Amino acid sequence: MKLFESKYGYFTADGREYVITNPRTPRPWVNVISNGDYSIIASHTGSGYSWRGNAGQNRITRLYQDLIKDNWGKYVYIRDVESGKFWSAGWKPVMAEYQLYEVVHGIGYTVYKHKVSDIYSEMKVYVSIDSPVEFMLITIRNEDNKARKIDLTTYFEWVLGNFPDEHREFHKLFFEPSFKNNTIFVQKYLGQFPDEKGRWNNTNWDHIAFHSVSLPVKSFTCDKESFIGMYRDERNPVAMSVEKLDNKCDRFGDACASLQVEITLHPGEERKVVFTIGVAKIGEEDAELLAAKYTDVEIAEREFEKVKKFWMDLLERELVETPDMGLNIMTNYWTKYQAISGRIWAKSGYYQVSAGYGFRDQLQDSQIFFSLKPELAKKQILLHAAHQFQEGDVLHWWFTIRDGGPRTHCSDDLLWLPFITQEYIKETLDYSILDEIVPFVDGGSATLYEHCKRAIEKSFKRFSPRGLPLIGENDWNDGLNAVGTDWKGESIWLAHFLYLLLKEFIPIIERQGDEAFAEKCRDVLDTLRTSVNKFAWDGEWFIRATKDDGRKLGSKENEEGFIFLNAQTWAVISDITDEERKKKAMESVKKYLLKDYGALLLYPAYTKPRSDIGYITRYAPGLRENGGVYTHAATWAVWAFAIMRDVEAMYKAYRGICPPYRSFDIDNYWAEPYVTCGNSDGPLSPHYGRGGWTWYTGSAQWLHRVATHWILGIRPNYGYIDIDPVIPSDWEGFTYKRFFGNTLYVITVKNPNKVSYGVKEIIFDGQKVQRVPILSDGKLHTVDVTLG
């Protein structure tokens with residue numbers, strides 16, 4: 001069965017794979033594959049790149065961002081030796097006329113199926129689960145009625161360190177390639193960090209890279225000009241017009257890697273060959289041993305099975321089955337995979353290359369681990385805490401190799417640490433995390449509880465005389481970077497966020513016996529509620545902020561940008577105001593912001609740059625935060641509508657940003673229909689509904705969370721499971737399965753009365769209960785819920 005089929009592809013029946021049947025997709029549709037250390041991106045055309053650690057500081061192979069050409073990659077050429085005709089294992093770079101072309105993007109792998117001139121090839125691309133090695137496992141079959149002599153030739157360019165490498169003519173002088181045992185090895189005598197005396201350009205790159213093949217090498221080259229030829233390109237390189245490569249391998253060219261092997265195939269015969277690329281840390285790993293161990297067909301096949309098992313064992317610890325197939329596919333597999341492989345591990349995509357972690361960003365992403373492997377969420381929380389200063393503020397982001405980053409003037413960054421910490425405890429009951437000793441960036445250490453406390457205390461020092469938090473350089477919306485740089489402007493969204501945080505964190509403070517701080521937080525809680533309702537209500541919605549000069553942002557007084565989404569949704573989420581104002585605010589969201597493709601971030605879009613607001617106004621109207629659907633915030637609209645029991649609006653807000661449903665207007669959407677996009681264009685854009693900035697966006701985890709916690713309404717809450725679905729009334733019910741440790745819960749919700757919400761009865765292991773306890777006995781527990 002083909003699910004959500006479009007002119008370009010479809011999901012398989014189990015939702016685990018997306019099959020692309022036409023390579024001419026509106027934009028490159030990619031897979032981001034990572035083991036948490038070594039990562040690759042594989043585009044549907046066969047392009048992509050590799051890195052270890054992060055894509056900015058330790059790039060292995062070269063790719064420059066070009067979503068029009070998609071013309072950089074690790075390519076495999078297939079050539080009929082007798083006729084000289086050649087093509088590639090992926091569609092790129094040759095783009096030959098084909099008899100068959102299909103690409104399967106799976107969870108942890110991509111498979112290219114290509115048939116040209118009666119030669120069928122299948123190339124599986126993936127990364128070892130526990131080693132810094134990637135595989136190109138190729139099966140090639142002769143479907144002709146005569147024997148064929150075929151050679152396979154790889155080609156890619158090295159980077160080996162920082163990227164982008166603007167001074168290529170300088171950097172290329174420091175490569176030293178060598179060839180041994182069917183393997184190209186390469187070192188670089190120029191590292192990206194200073195030596196022990198602080199001298200730049202005085203160290204080696206601290207890895208050795210390799211490229212190897214499982215068959216005897218017919219020929220090879222390490223020189224780009226030898227392979228491509230002057231004034232030619234990858235589509236028709238000179239290498240495909242000569243019998244063999246030149247075996248050039250010295251320090252005097254432009255470093256690349258190309259291995260050539262030859263096989264003879266009788267009619268119907270099939271052969272397998274594996275190419276590997278990898279890196280070894282000097283002094284810790286052995287490049288020769290890695291190449292020898294993994295460049296073997298049997299080993300490669302075994303590693304492929306390990307990859308598939310690893311991901312299913314992880315992701316299928318939580319599964320849903322609902323009448324909404326799009327929700328099932330995204331919730332069960334793709335949002336989890338995107339958040340983990342793309343955001344937390346690879347930290348990169350085709351639209352953005354990252355060299356590090358964002359303080360607030362991957363903290364939010366780490367919530368994806370709560371239902372899968374909570375110890376990884378704990379690890380992420382502690383990692384972020386270690387990037388806080390003693391004063392309580394934090395690094396806005398930091399490099400993942402050797403640290404370093406900007407000290408934030410952003411007003412919300414620091415508060416995500418206590419917010420995600422309490423969410424973690426709420427789901428796991430792991431209070432011990434609060435006692436973990438964590439260092440500060442600027443020396444000293446303290447418990448995680450103290451880190452959280454200092455973040456909150458720091459925010460208390462950033463209040464206006466009216467009792468509202470100051471926005472500073474910006475809050476969650478980085479694009480509002482000129483609103484409050486003099487530390488006079490106020491953030492209403494931040495007031496909502498802090499209100500919710502304090503409500504949730506005060507019980508933790510009390511449990512710690514820190515009564516004086518708890519009392520202070522209660523005072524601030526009261527102040528926030530009073531001040532927001534006194535100063536921020538604009539008649540039909542809440543304003544977004546005030547500027548340094550006191551003028552309002554997101555108000556009826558504004559001609560453009562007179563309503564902002566987050567100030568309305570978080571008023572509901574935080575419960576900072578009364579029911580009448582919540583209802584009016586969300587009615588205004590429906591009137592101005594809720595569109596076909598989700599909720600807009602603001603309305604109407606700014607049409608000219610405003611130096612008193614920030615770079616958000618410098619986008620074209622309808623692009624990204626400037627009047628587009630910013631998916632991260634649009635997920636919070638789903639949450640707010642669910643709380644308000646506005647099922648029609650909630651479901652419209654969800655389906656508008658649920659990628660599979662964009663398959664039905666895919667030429668308008670452009671983006672991959674199997675992962676969330678960072679944004680889609682608003683109504684003022686000529687490309688209304690166009691998706692962009694896919695993979696590397698914080699929206700994936702939130703789309704998962706609003707589906708499980710607020711549509712299905714399954715919420716772990718300090719040792720219990722709160723069950724409060726808000727679903728379309730025509731759903732007959734749904735099933736939710738989740739492990740807590742080694743204990744499995746199967747929750748079956750039935751809706752015989754065709755209602756949208758309201759739990760009538762809960763049966764836990766055959767007994768009627770008010771709340772479902774979370775046990776840790778290693779057994780199966782059933783929960784039967786009836787709505788009505």
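The legends below describe close-up views of a predicted model. Local features need pLDDT of at least 70 and side-chain atom pairs count only at pLDDT 80 or more, while totals for chains, interfaces and linings use all residues. Residues are numbered from 1 along each chain as its sequence is written, and side-chain values use heavy atoms, with hydrogens and water left out.

**View 1. Contact of helices α14 and α17.** Helix α14 spans residues 631–643 and helix α17 spans residues 699–711; helices are DSSP runs (H or I, at least four residues) numbered from the N terminus. Their axes come within 8 Å and cross at roughly 10 degrees. Axes are lines fitted to C-alpha atoms over the stretch in contact, with angles from 0 to 180 degrees between N-to-C directions. The two helices are therefore roughly parallel (angles under 35 degrees). On the α14 side the contact (heavy atoms within 4.5 Å) is made by Thr 631, His 632, Thr 635, Trp 636, Val 638, Trp 639, Ala 642 and Ile 643. Helix α17 contributes Ser 699, Trp 702, Leu 703, Val 706, Trp 710 and Ile 711. These residues divide into 10 nonpolar, 4 polar and no charged; Ala, Val, Leu, Ile, Met, Phe, Trp, Tyr, Cys and Pro count as nonpolar, Asp, Glu, Lys and Arg as charged, and the others, Gly among them, as polar.

**View 2. The largest nonpolar core.** A nonpolar core is a set of buried Ala, Val, Leu, Ile, Met, Phe, Trp, Tyr and Cys residues joined through side-chain atoms within 4.5 Å, where buried means under 20% relative accessible area (1.4 Å probe, protein chains only). The largest has 247 residues, and Trp 158, Trp 311, Trp 334 and Trp 636 have the most contacts inside it. Helix α10 (residues 492–511) gives the most to this core, with 14 residues. A second, separate core has 10 residues, including Leu 480 and Ile 613.

**View 3. Stacked rings of Trp 493 and Phe 497.** Rings of Phe, Tyr and Trp (its six-membered ring) pair if their centres lie within 6.5 Å, and 61 aromatic pairs are counted by this rule. The centres of Trp 493 and Phe 497 are 5.1 Å apart with planes at 10 degrees, so the pair is stacked (planes under 30 degrees apart). Both residues lie in helix α10, 4 residues apart, and are separated by about one helical turn. Trp 493 is buried at a relative accessible area of 0%, and Phe 497 is buried at 0%.

**View 4. Edge-to-face rings of Trp 570 and Trp 639.** The ring centres are 5.6 Å apart and the planes are at 65 degrees, so this pair is edge-to-face (planes over 60 degrees apart). Trp 570 lies in helix α12 (residues 565–574) and Trp 639 in helix α14, 69 residues apart. Trp 570 and Trp 639 are buried.

How values were computed: Parallel < 35°, antiparallel > 145°, perpendicular 65-115°, else oblique. Buried < 20%, exposed > 50% of the residue type's maximum accessible area, 1.4 Å probe, protein only.
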